[in-house]
Amino acid sequence: MENKNQLTLEQEFRLALYRQKIHKLNDKQIRTHLILTLKQMIVKDNIIKYFIKNSLS
């Protein structure tokens, strides 16, 4: 049960690639990227909520 929230090797690799890309960005680019990422996460949450709501009815 401890490995429940662990990243896969592929996810760890993708995270390392993102770290390298983000390291090269300036502050404005980082803020823009962060806002876009947060927006995508909110949209993802909305999609999940929609499917859960509609699967129960």
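The side chains of E10 and R14 form a salt bridge with an N to O distance of 3.9 Å, the term denoting a side-chain nitrogen of Lys or Arg within 4 Å of a carboxyl oxygen of Asp or Glu. The model is predicted, so that local features need pLDDT of at least 70 and side-chain atom pairs count only at pLDDT 80 or more, while totals for chains, interfaces and linings use all residues. Residues are numbered from 1 along each chain as its sequence is written, and side-chain values use heavy atoms, with hydrogens and water left out.

E10 and R14 are four residues apart in helix α1, and therefore about one helical turn separates them. Helices are DSSP runs of H or I with at least four residues, numbered from the N terminus. E10 is exposed, at 54% relative accessible area, whereas R14 is partly exposed at 44%; buried means under 20%, exposed over 50%, and partly exposed in between, with a 1.4 Å probe and protein chains only. A search of the whole structure finds one salt bridge.

R14 also belongs to the lining of the largest pocket, together with L7, Q11, L15, Y18, I22, H33, T37, Q40, M41, K44 and D45. The elements giving two or more residues to this lining are α1 (9-23) and α2 (27-56), and α2 gives the most, with six residues. A pocket here is an open set of points on a 1 Å grid where a 1.4 Å probe fits, with protein on both sides within 12 Å along at least five of seven lines; lining residues have an atom within 4 Å of a point. The space in the largest pocket is about 530 Å³. Its lining comprises five nonpolar, four polar and three charged residues.

Y50 counts as exposed because its relative accessibility is 52%.

T8 lies in the segment before α1 and is partly exposed, at 42% relative accessible area. From T8 to I48 the separation is 40 residues in sequence and 21 Å in space, C-alpha to C-alpha.

Technical notes: Grid points are joined across faces, edges and corners, and a volume is the space filled by probe spheres set on the points. Ala, Val, Leu, Ile, Met, Phe, Trp, Tyr, Cys and Pro count as nonpolar, Asp, Glu, Lys and Arg as charged, and the others, Gly among them, as polar.
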